[in-house]
Amino acid sequence: MASSPTLIMLMVLTVVQVSRASGVFELRFDRFQNELGRDAKGHCCDGFKASSSSSNGGGVGKCSEACRTQFRVCLKHYQTTIDLVGACTYGDFSTPFLGDNSLDFTSNNSAGYTVRLPFEFSWPGTFSLIIEAHHQTSNTTDKVLVMQMATQRWMDSSNAWKADSYSDTDGLHSLNYSYRVKCDEHYYGDGCANLCRPRDDKFGHYTCSEPSGDKVCLPGWSGEYCSKAICLPGCHDEHGFCNDPNECLCKLGWQGKLCDQCIRYPGCLHGSCQQPWQCYCNEGWGGLFCNQDLNYCTNHKPCKNGGTCFNTGQGSYTCTCPAEYTGTDCELVKDDCTVIPCLNGGTCSGETNATCNCPTGFHGRRCETSTQQTCSDNPCLHGATCVDTTDRGYMCLCPDGFDGANCGHQVDDCAVNRCQNGGSCVDKVNGFKCICPAGFTGPLCQTDIDDCQTDNPCLNGGSCADLVNSFRCLCVPGFTGSLCQTNVDDCLTKPCSNGGQCHDLINDYRCTCKPGFAGKDCSSEVNECSARPCLNGGTCLDRINEYKCLCPRGYSGLRCE
């Protein structure tokens, strides 16, 4: 029987089953032979066998009515002994009526009739294949088996077709067919199990190699998912980073073109650092900010009259004076008679601060002054006022800070130390100076320096609490560290469930959920059946990121439509 227009249209039609899959098994019917119109038992599908004297001139044994041919394909896992009635574990499909008796799907340069069976698993390579030809009777629900074949085969994924054929033992039926296992777009490998989607966005920058599907990074990118930019050559591995290729952005506390220079402690004047926020003082400097001169002797040379200077702390010193000099800076001549002998027959008495006992007619620390001296001899020292007297010849009215007959002795104002908070007292003329320890200031070292006042060293909104010569940072939620410089990584506890990707925020996190899940931590499965997608009374089964409709009798399709 000649092929009808309907048959020609069906020959070029490709049958598609819609499903989310990693690949598809394709079976292409090329040619089917059933010249006599017989079923699997050798009987006529319809009508009767023609005899040699039949008026129609047909071959002997050809049936008067043709078989209305349709096919059923059953694909299942590899079985040593194929179960012809069991479940088609990899999928099955039945074609509509395709034509009468013998069918040539390759005529008119057609590509054959293709059945596609999608799969959602890693293709194992081996499989069992059952192909049945049926005669569709006038009652479309009744079918008569025309031919049945079963075979086991092995095949990896490939775009190339593999041809095969079958003939039954009595020679009544034969089938030429081809098959292949083809990976879906973005799936690669022998088993179509390697998913790779080329991309060039914040989640990756790569193409996919054939046939393995390995990721090939675009220029300037590296890492498992090609999401790590290759930074500017020389950019420090630990202290620098980059968001785009050939970039070098410095982490907190580092600076420079290659992020290899640490940032000193805020306010550090004469110091350096090995790590961020350090202030290692240069030689001769001390204090929290390296702003206190420790080498006071060399820089200021305070000791006079051959005195030897010794640095004693931050900005302080002491002078060791020659025997005949005294005072903070060896600026005073010593009048102790054990060092400078008494004059004019005076005798020295005492061991500490020894004084001269002057003979009659002389006075003074060293008995150097004759009672016959008057103010005209200018005996008074240090700007003292001289007053002539009748009994002693003169009298010196000493200025503040000095005493003695000629006002030659400086009063020690540090005899009672009035410096507070551990300050050191340095005697001055008619006064004193307090050398304050680190952290204090003021004339008497009475004021605690507010280390938070001039420039708040706390970062990221932290509050500064003043301590003695130091401070403490009170960080806002989401930051930690001595300077609140470290953002707490809220993703360390892995809050995102079901494979969700965590993105750290300030004192918070955000989950990018995989398809099929939702919620703050991706713990809620999306119920795809909530929208009632199944039609015509179909029952919906919720799955991960998809659903399946169980259709009532008489309906089929993804939604039983």
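Biologist: Where do we start?

Modeller: The model is predicted, so local features need pLDDT of at least 70 and side-chain atom pairs 80 or more, while totals for chains, interfaces and linings use all residues. Residues are numbered from 1 along each chain as its sequence is written, and side-chain values use heavy atoms, without hydrogens and water.

Biologist: How many aromatic pairs does a search of the whole structure find?

Modeller: A pair of aromatic rings is described by the distance of the centres and the angle of the planes. Here the search finds 17 pairs (Phe, Tyr or six-membered Trp rings with centres within 6.5 Å; planes under 30 degrees apart are stacked, over 60 edge-to-face, the rest tilted). Tyr-296 and Tyr-317 are stacked because their centres are 5.1 Å apart and their planes at 0 degrees. Tyr-317 is buried, at 13% relative accessibility (buried is under 20%, exposed over 50%, partly exposed in between, with a 1.4 Å probe and protein chains only).

Biologist: Which residues do ring pairs link into a cluster?

Modeller: Phe-25, Tyr-90, Phe-119, Phe-121, Trp-123, Phe-127, Tyr-177 and Tyr-179.

Biologist: Which residue lies over the face of Tyr-509?

Modeller: Lys-520, at 4.5 Å from the ring centre; the test is NZ of Lys or CZ of Arg within 6 Å of the centre and within 35 degrees of the ring normal. Likewise, Lys-215 lies over Tyr-206, at 5.6 Å.
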